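Welcome, and please open your viewer. We will go from one selection to the next and see what is there.

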Amino acid sequence: MIINVAKYDKYDEVIKFYHNLIDGMQNSKFNCGWIKNVYPSQNFIYDSITNNEIIIAEIDNNIAGVMIINHESTTGYEKVKWKTTGTKNEIFIIHAFGVSPHFQNQGIASNMLTYVIKKSKESQIKAIRLD
């Protein structure tokens, strides 16, 4: 498994990943409730790739997992009394985190989170939050 930042040449594959993930989760007890091209939107994905915020896990050149990491919180975060506080740039927010149903139960999500934890330590991030 290779985990790294997605470059623009992966844009179409990332879109396809999310569409397949949404289709694959439709009738499962873990349906994420996402809607194709609404969340995550193509603009969100494009902007995230442009800003080097998309992390992908690949197995045999197939995208097995994707997450978007940035410092952007959604509405309501400012009202939460977080145990660990920090400035906007001291907090990582994980968005649109998913693992393909074809690759689940192989430790992909755990490995991706380990990657984020390592990057957060390198960047002196105080907290990681899951959106």
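How many salt bridges does the count come to? The count comes to seven, a salt bridge being a side-chain nitrogen of Lys or Arg within 4 Å of a carboxyl oxygen of Asp or Glu. This is a predicted model, where local features need pLDDT of at least 70, side-chain atom pairs count only at pLDDT 80 or more, and totals for chains, interfaces and linings use all residues. Residues are numbered from 1 along each chain as its sequence is written, and side-chain values use heavy atoms, leaving out hydrogens and water.

Start by selecting Glu58 and Lys10, whose side chains form a salt bridge (2.8 Å, N to O). Glu58 belongs to strand β2, while Lys10 sits in the loop between β1 (2–5) and α1, 48 residues away. Strands (E, at least two residues) and helices (H or I, at least four) are DSSP runs, numbered from the N terminus. Glu58 is buried, at 11% relative accessibility; buried means under 20% relative accessible area, exposed over 50%, and partly exposed in between (1.4 Å probe, protein chains only).

Next, select Lys118 and Glu122 in helix α3 (residues 108–122). Their closest N and O atoms are 3.9 Å apart in another salt bridge, and Lys118 is exposed at 51%.

Now move to Ala57 in strand β2 (residues 54–59). Is Ala57 buried or exposed? Ala57 counts as buried because its relative accessibility is 0%. Beyond its neighbours within four places in sequence, its contacts (heavy atoms within 4.5 Å) include Met1, Ile3 and Met112.
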